[in-house]
Amino acid sequence: MNARSVAAWSAACLFIVLFTTNPAYKVLVLAAAIASLAAGAGLNRMRGLFSAIVLIAAFATALNFASAHLGRTTLFTLPQQIPALGGPYTLEALAAGLSGGITVGAAIVAAAPFSLMLASHDVMDALPAALSRTGAAIAASLNLVPSVAASFVQVSEAQRLRGWKPRGPRSWAEVVVPVVLTSVEGSIQLAESMEARGFGSGPRTSLKATHMHRTDWILVATSAAAVIAFIAGKAADWYPYPTLHAPAIETVPLAACLLLFTPVMTWRSRG
Amino acid sequence: MAIARITHLSYWYPNAPDAALQDVTLQIEDGLTVVAGPSGGGKSTLLRALNGLVPHFHGGRIAGSIEVNGMDVIKTPTRRLARTVGFVFQDPELQTVYDVVDREVAFGLENIAMPRTEMAARVEEALHGAGVSHLAGRRVRTLSGGERQRVALASALVMRPRLVVLDEPTSQLDPEGAAMVLDATMRLVQQGRAAVIAEHRLERLLAAAAALVTVDKGSVITGPPTLPTTHPIARPAPSQPGPLAWSLAGVTAGFGNHTVLDAIDAAGHQGEVVALCGPNGGGKTTMLRLIAGALSPTKGTVERRPGRIAYLPQNPTALLHRPTLRAEVAMTLERAGEPDEPDVILTQLGLAHLAGRYPRDLSTGERQRAALAAVLPGKPALVLLDEPTRGMDDAARDALTRLIAHLKESGSAIVLATHDQDLRNALADRVLRVSSGKVT
C-alpha cells in the first residue's frame, strides 16, 4: 500500500464530507471510511478509535442541541433564566448537531489509515524530496509520543505518593511541568542523536523506493473520480431549519460516495 | 596510531561559570579506550567533544584543539564528522528515528544521500557488525533495551566510522542487555576498530582495553587499564524485623486483559529490606506499584501500615521540576510535615555541594541521586525503590547503600526492585524472584 494513494482517498473523503451539508452523503462517507479501515486495519485495532469518535460526535451533537435554540419542533424547554442553556430544545437543532457529529467522525476515520495502517517511514517516503527533512523530523518526534504518555502516568503516580493532590487546574502544574520538561529534554537528546548521524547534511535519499502498484493507481483514480463526480453532480444542500425535512439523494453524488468504498476491495488483504 | 589528539582543551557550557573540561591533553590510540570517573566529572562532555556535539550542538566557549582522524573538530560541523565518528548515547529510546530496524540503521546513510543501490549492503554489514542481523525488519518498539542499544550501535557502524564513541551505553539496561552491548563492543574492537567507551562496569572491558582515561572535575588522568581500588560495601548488622509493614494476599494484577502477577502472596516487615529480582517484564515494577497503592489488584488484598511512602519510579529524574535541588527536597519534607533540614539527606547522598543547582542541569548520575534525595528525606514508613542504582558510579552507590541501611535501622520497611547483585548482597534480608507472574 502506498501512502500517496491513501492520501488521495483520505483527501477525497475529507473533501466530500466537508463540502456538502447533506447528511445522507456524510453518512455514506462515514460508512465508506469505517468499512475501508475495517478491511485494512481490522476491527480490533479500531476499538479505541471508535470510542473516541463516538465521544467527540456526541459532544458535537450535544453542543449544537444545547446552544442552537432554533427550529419549530420543540422537544422541551428550559427556563430562559439559565444562562446559555435556557430556551427551547428542538428536533432541528438535534439533527443539525448530529450532522456535525457525523462530519467530525467521518473526518477522523478518513485520516485514521495514516496512523493505523501506515508506518511513519511509509508516510515520509511518500513526501516530495523537498519535504524529506521535515518528514524525518516529524517521524522522529512521533516516536517520542509513547514515552510522553508513559512519563505522564509515572510522574502523576510518583507525585501523588510524594504528597501531591489534584486540587484544581493549577495543581496539575506539578505533573505537567515535569512531563513537559522531560519531553523537551527527550527531544533535545533525539536532535543530538540525529545530528550525530549526519542529519541536515543536505539532500537525502531513502533506503526503500516507493512504488505505486495497480491497486494504488485504482484507488487514486476512483478517489479523483469521486471528487469530480460529486462536484459535477451538484449535490443538493440540506438545512434543517426552521422545519426538519429529509435530505435529498441524487444519483451522481450517490455514485461518487459509493466510489469511496473502493479500499474495501483493495485493502482487504491487510485485514 | 593516534586516532584523536586533544590539546589543552577547555570547555564551558553556556552560562556556566566553571569549565566542564579543563586543559585536557589526551591522545586516543587505536583499540579500546575506557573512560571512567565519577558522575558529573565530565565524561559525557569529553566524549561529545570527539564528534563535535561539544561545541557545535551545545554552544558555550571552547579553547585548545581537537583533531580526529586529521579533521579539526572545532571547525568541522558534527554532521560532517558523522562519517568519521559514530556515537551511541545512553538511552536507547531517545536515539530512535524510525520504527523499523533496517530503516533506523539506514538513517545516517540517507542523510548523506548515499545511492539506494549501495545502502542495503551497508545496512546488512552494520547489522552483522553489531550482532543483530536477525533483527532486520523488526519493529523497534518490539525490541528489548539491549537489542535496541545494539541497533543504535549498528546505526553508528553503518557510516563505517574510524572511531566509535559509546556514552554509558549500558546504564539503562538490565544485566542481560548490558552483556549483549558490551559483547558487541568487544567484537568491534577485535575487528580492528577504535572505540571509546564511558562505562561504570569496568571489569569486563579493562581486560581488552588499550588505555584507561579517568575524568574527574573536568581534568583527565590517563593510565594503564587497571581496575580502580574499591572498598567493599559494609553489610549492616542483622536486625530483628519488626511488625508487619505490608502484605499482598492472593493478589492478581495486570493491564487490560494481560495478567502480570497471578495470585501472589508476599509480605515485608518494619526494619526489613526485601529485594525483588527477576527478568524485565517479570512483574517487579507492578509489584512495587501494588504495594504503593498506585495500582489496584484485580483480585486479592493489599495491606500496608499507615505512614509516608517514599517511591522512586523507574525514570526518577522525570520527577524533578523545582528551581533548586534543596527546594526539591524541601517540598517533600514540607508535605510530609517532617522537621528535617533538606541538607541532611543531601549530605548523606554526597550532594550538599549541588544543593543550589537546578536539578535538571546535573549530570545523569547526579540527577539519579537528586531524585533519590527528593523522595527519601525524613522518616518514610515504607520505601519502594525501582532500580535505584541504575547509571550510578561506585561512590554514589555506596552512599545510597549507607542511606538505605540507615532507613532500615530507623524502622522503615524497604522494598528494592533491582538487577544490581552487589546491592542485594549488601542490603537484602530476603530476596524474592518475580518472574512470569509468580513470586518465589
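**View 1. Helices α10 and α11 of chain A in a predicted model.** The axes of helix α10 (residues 214-232) of chain A and helix α11 (residues 251-259) of chain A come within 8 Å and cross at roughly 160 degrees, the axes being lines fitted to C-alpha atoms over the stretch in contact, with angles from 0 to 180 degrees between N-to-C directions. α10(A) is therefore roughly antiparallel to α11(A), a term for angles over 145 degrees. Thr222(A), Ala225(A), Ala226(A), Ala229(A), Phe230(A) and Ala232(A) of α10(A) meet Val252(A), Pro253(A), Ala255(A), Ala256(A) and Leu259(A) of α11(A), where contact requires C-beta atoms, placed from the backbone, to lie within 7 Å. The residues of this contact divide into ten nonpolar, one polar and no charged. This is a predicted model, in which local features need pLDDT of at least 70 and side-chain atom pairs count only at pLDDT 80 or more, while totals for chains, interfaces and linings use all residues. Residues are numbered from 1 along each chain as its sequence is written, with chains lettered from A and ligands numbered from 1 in the order in which they are written.

**View 2. The side of chain B that touches chain A.** Here 47 residues of chain B are in contact with 42 residues of chain A. The largest share of the chain B side, seven residues, comes from α4(B).

**View 3. The surroundings of Leu118(A).** Leu118(A) lies in the loop between α5 (113-116) and α6 (120-126) of chain A, and it counts as buried because it has 20 C-beta neighbours inside 10 Å, the cut-off being 20 or more. Leu118(A) and Ala3(A) are 115 residues apart in sequence and 7.2 Å apart in space, C-alpha to C-alpha.

Notes:
Helices (H or I, at least four residues) and strands (E, at least two) are DSSP runs, numbered from the N terminus. Angles under 35 degrees count as roughly parallel, over 145 as roughly antiparallel, 65 to 115 as roughly perpendicular and the rest as oblique. Two residues are in contact if their C-beta atoms, placed from the backbone, lie within 7 Å. Ala, Val, Leu, Ile, Met, Phe, Trp, Tyr, Cys and Pro count as nonpolar, Asp, Glu, Lys and Arg as charged, and the others, Gly among them, as polar. A residue is buried if 20 or more other C-beta atoms lie within 10 Å of its own, exposed if 12 or fewer, and partly exposed in between; C-beta atoms are placed from the backbone.
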